[in-house]
Amino acid sequence: MTMKILISSFGTRGDVQPYLALAVGLQRASHQVTLATSHTFSDWIHAYGVQTHPIRVSIQEVMQQPAVQAVLRSKNLLRQIRLLRAILGQNRETAEVVWQAAQDADLIIQSPTGCCALEAASKLGIPALFASPLPVAPTRSFPSFFLGSMRFSLGGGYNFFTHRLMHFALWHGMSKHMVKPLRRTLGLSPLRSFADLLAECRRLGVPWLYGYSPHVLPKPRDWDMDQHVTGYWFLDTPPAWQPPGDLLHFLVSGPPPIYIGFGSMGHGDPARHTQLALRALALSGQRGVLLTGWGGMAAPMPHDAFQSHNVFFVENIPHDWLFPQMAAVVHHGGAGTTGAGLRAGVPNLLTPFAPNDQVAWAERVEKLGMGVRLPSIQQLTAEKLAAAIQVALTDSTMRTRATKLGEKIRSENGIGEAVALIERQAAQRRQA
């Protein structure tokens with residue numbers, strides 16, 4: 001049965017991308033999908049044939065503000081939660097806008113930063129799901145992914161406590177602006193905590209889908225049957241896309257280079273990051289492909305002295321095409337970039353930009369033996385990066401592990417598994 005599906009997700013481009021991939025997969029299964037997200041991404045989303053319901057505020061643009069970057073660089077968790085509250089406070093109308101979009105939907109999917117799934121399920125009687133690129137439900141298996149630089153494990157009891165603690169902090173930072181007012185308007189009982197949200201999910205039969213590989217992070221034994229680890233939701237390159245000719249020439253003109261890029265993480269000093277990357281490549285004697293993107297690194301000017309035939313700058317390039325041709329990839333540890341790097345089967349070197357889930361993914365990659373967890377970008381030096389590059393190139397065990405994990409991830413169909421679960425949820429609600 002064809003459905004009209006609304007996906008609610010906000011954040012940076014990296015935050016939205018897995019939901020666009022999911023939308024594309026759902027449309028291939030003959031469903032009609034609308035993605036409710038920032039207006040900033042409308043053209044990009046439309047290029048994949050997906051409709052949008054644009055939201056006024058752009059978190060991507062807010063993240064580029066110097067004052068915001070200063071808070072993200074700090075290790076003060078309370079300041080970061082207050083920042084989140086302030087950002088969401090600028091977007092008070094979001095829940096109402098998404099609620100209106102849900103009136104025409106047969107099913108709604110919500111990201112951790114989205115809204116209206118439970119409200120739509122309760123008030124409209126339609127199926128709903130939560131979907132996340134990182135683990136959210138509490139578990140004794142590992143500490144919360146939101147702990148950032150304070151993340152460490154002292155056993156199962158402590159791990160479970162960290163989830164409860166971060167749920168409390170994040171809930172009170174978000175619910176005031178994105179949940180509580182709408183529920184009051186709709187006459188729904190208030191949700192006072194994340195535990196209430198999980199209880200509401202169980203009452204309504206709302207499952208959670210997690211878009212990462214079980215080979216990277218297996219499903220914890222203490223999660224219930226409503227928690228599903230599907231595999232990654234990759235947004236692959238459109239068939240008609242062609243790489244730049246000069247990049248192709250660069251790739252075949254020498255040995256595989258090192259990729260260095262930080263996606264949409266434009267924190268700090270892009271010029272410093274560029275100089276650091278170039279110095280590390282020179283010290284390690286390697287060629288490099290550097291991503292300028294949203295400002296993680298600075299694009300070169302014609303007169304810049306650091307231009308070299310051993311370095312290629314590119315503003316935007318599909319990871320699924322580029323990464324398999326690299327000797328190693330250096331990045332910030334975002335969930336999507338980490339997944340793309342692991343799928344490529346090459347060592348990953350991760351330097352977290354923000355003290356959030358990037359730290360957790362960096363720890364996980366290092367624990368799996370697939371790469372190196374570098375210091376945060378603020379503490380990273382060219383010498384440390386050059387040394388890590390040499391490890392990635394010479395550690396045969398690491399490279400073998402990376403190759404084998406890449407094969408396992410490429411054999412998965414995370415989007416197909418997610419689509420099947422979504423369709424099953426809709427069918428169960430029709431039969432109820």
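**Cysteines and aromatic rings**

Mentor: Let us begin with Cys-115, whose closest cysteine sulfur belongs to Cys-116, at 3.9 Å, which is too far for a bond. Please bear in mind that the model is predicted.

Trainee: How many disulfides does the count come to?

Mentor: A disulfide requires two cysteine sulfur atoms within 2.5 Å. For Cys-116, the closest cysteine sulfur is that of Cys-115, and 3.9 Å is too far for a bond. By this rule the number of disulfides is 0.

Trainee: Is Cys-115 buried or exposed?

Mentor: A residue counts as buried under 20% relative accessible area. Cys-115 has a relative accessibility of 1%, and therefore counts as buried.

Trainee: Which strand holds Trp-208, the partner of Phe-130 in an aromatic pair?

Mentor: The structure holds 15 aromatic pairs. In one of them, Phe-130 and Trp-208 are stacked, with 4.4 Å from centre to centre and 10° between the planes. This pair links distant parts of the chain, 78 residues apart: Phe-130 lies in strand β5 (residues 128–132), and Trp-208 lies in strand β6 (residues 208–210).

Trainee: Over the ring of which residue does the charged end of Arg-343 sit?

Mentor: The charged end of Arg-13 sits over the ring of Trp-44, 4.0 Å from its centre. For Arg-343, the charged end is 3.8 Å from the centre of the ring over which it sits, that of Phe-234.

Conventions
Residues are numbered from 1 along each chain as its sequence is written. This is a predicted model: local features need pLDDT of at least 70, side-chain atom pairs count only at pLDDT 80 or more; totals for chains, interfaces and linings use all residues. Side-chain values use heavy atoms; hydrogens and water are left out. Rings of Phe, Tyr and Trp (its six-membered ring) pair if their centres lie within 6.5 Å; planes under 30 degrees apart count as stacked, over 60 as edge-to-face and the rest as tilted. Helices (H or I, at least four residues) and strands (E, at least two) are DSSP runs, numbered from the N terminus. A charge sits over a ring if NZ of Lys or CZ of Arg is within 6 Å of the ring centre and within 35 degrees of the ring normal. Buried means under 20% relative accessible area, exposed over 50%, partly exposed in between (1.4 Å probe, protein chains only).
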